[in-house]
Amino acid sequence: MFNTIFFVILAAILLDFLLDGIASRLNLSSMTDRIPKEFEGVYDEERYAKSQEYTRVTTRFGWVQSVFGVSLLVGFWLAGGFPVADAWARSFGYGEIGTGLLFFGVLTAGRSVLSLPFSLYGTFVIEERFGFNKMTLGTFFADMAKGAVLSVLIGVPVLAAVIAFFLYGGDWAWLYAWGGLSLFSFLMMYLAPTFIMPLFNRFEPLEEGELRDAIEEYAAQVEFPLQGIYVMDGSKRSSKSNAFFTGFGKQKRIALFDTLIENHTTEELVAVLAHEIGHYKRKHIGKNVVISGIQSGVMLFLLSVFLNVPALYEAFFMDQMSVYAGLLFFGLLYSPVSMLTGIAMQILSRKFEYEADRYAAETTGHPEWMIDALKRLSKDNLSHLTPHPFYVFLNYSHPPVLQRIRAIREIG
């Protein structure tokens with residue numbers, strides 16, 4: 001009844017759960033009552049205590065979610081839920097592609113319904129308690145509805161195409177799927193900033209004034225073509241601050257949250273913008289695209305191999321083999337590799353953040369601008385200032401703020 005693949009996947013799920021639990025526990029133990037010297041005068045005792053309580057509450061809530069998620073997956077698996085869902089999807093007689101869409105649809109819908117209470121609690125209880133949430137129930141459910149519509153309009157055709165590639169593509173199906181998904185990814189880089197992101201947030205060009213003048217002066221200095229600097233209404237959902245760079249070519253844009261503009265000085269905002277431009281100048285976005293493309297190609301090749309391995313389906317108690325079920329089951333089998341590549345990508349991402357910080361410090365000529373921006377961001381977002389190294393290793397795409405500040409001072 002239980003074969004080798006069954007135990008490999010179960011062990012991978014439990015190992016990931018165990019590592020996450022250990023890392024989270026270590027992260028809580030790394031907190032100290034003493035404000036780090038670098039942040040003395042930035043945090044007062046009350047604000048620092050609040051940041052630590054925020055870390056405790058969100059970590060414990062994450063534990064509850066993890067326990068629920070793993071229990072649900074393993075329980076559904078051991079109870080024979082996958083063959084039941086498969087039998088239901090097959091009962092409509094829609095063929096392999098239609099059946100696959102129904103199979104994924106019912107599983108996705110079930111997971112969404114069961115995770116809804118956690119999303120509501122996290123947003124309207126935890127984030128509300130710490131003063132972050134600005135979202136109304138109407139906005140929350142409108143976002144859900146928009147996400148569902150996009151999943152149907154975009155996700156369904158993509159899933160159908162992948163199933164079709166592996167049904168009819170023969171030995172080179174993985175290569176066709178790789179090419180198709182790569183093309184789709186590039187297309188989304190152009191479409192997302194223009195058509196998808198505005199469905200959720202309003203983007204308005206940064207208005208004339210001191211900030212825009214300072215940004216334009218800096219952009220001219222570093223020879224960066226200013227094709228779009230936008231203010232995003234992040235305050236519609238949260239008081240947290242951020243900035244990001246997205247898109248390619250004429251569609252590339254830098255977006256500053258309105259909360260970021262409200263809470264920071266012009267010099268700090270120029271430094272934040274310089275950091276984002278640094279990612280572009282150091283070709284971080286392109287490098288990530290290439291690496292992700294290579295990873296996708298390797299994964300799709302391995303998928304093409306395991307789709308024809310009966311033991312993969314037997315591990316989930318399936319009576320019939322199918323491309324659509326194989327996609328899901330291989331995803332679970334591939335999870336240990338995904339975890340390792342994810343850690344590697346986090347390491348690379350942290351390296352890129354250091355490089356972007358360095359670029360900002362050197363090109364503005366004022367390292368303290370970036371340091372001040374990082375300090376204010378940390379304070380406003382109630383960041384954990386002293387995370388445990390193992391937790392950082394597993395989860396952080398950005399270096400801890402104290403390490404970033406130390407690295408900027410060394411440039412100095």
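The buried residues of helix α3 pack against α2 (45-78), α4 (95-129) and α12 (323-333). Keep in mind that this is a predicted model, where local features need pLDDT of at least 70, side-chain atom pairs count only at pLDDT 80 or more, and totals for chains, interfaces and linings use all residues. Residues are numbered from 1 along each chain as its sequence is written, and side-chain values use heavy atoms, with hydrogens and water left out.

**Helix α3**
- Helices here are DSSP runs (H or I, at least four residues), numbered from the N terminus.
- In α3 (residues 81-90), you'll find Gly81, Phe82, Ala85, Asp86 and Ala89 buried, meaning under 20% relative accessible area with a 1.4 Å probe, protein chains only.
- These residues sit on the same side of α3, because they cover an arc of only 135° around the axis (the arc is that of the directions from the helix axis to the C-beta atoms).

**Isoleucine 196**
- Look for isoleucine 196 in helix α6, which spans residues 173-196.
- Its relative accessibility is 18%, so isoleucine 196 counts as buried.
- Skipping neighbours within four places in sequence, isoleucine 196 is in contact with Leu150, Ile154, Met188 and Leu191; contact means heavy atoms within 4.5 Å.
- Take leucine 150: it is 46 residues away from isoleucine 196 in sequence, yet their C-alpha atoms are 8.6 Å apart in space.

**Lysine 375**
- Lysine 375 belongs to helix α14 (residues 367-380).
- With a relative accessible area of 12%, lysine 375 is buried.
- Leaving out residues up to four places away in sequence, lysine 375 touches Glu38, Phe39, Val42, Ile405 and Arg409.

How values were computed
Helices (H or I, at least four residues) and strands (E, at least two) are DSSP runs, numbered from the N terminus. Buried means under 20% relative accessible area, exposed over 50%, partly exposed in between (1.4 Å probe, protein chains only).
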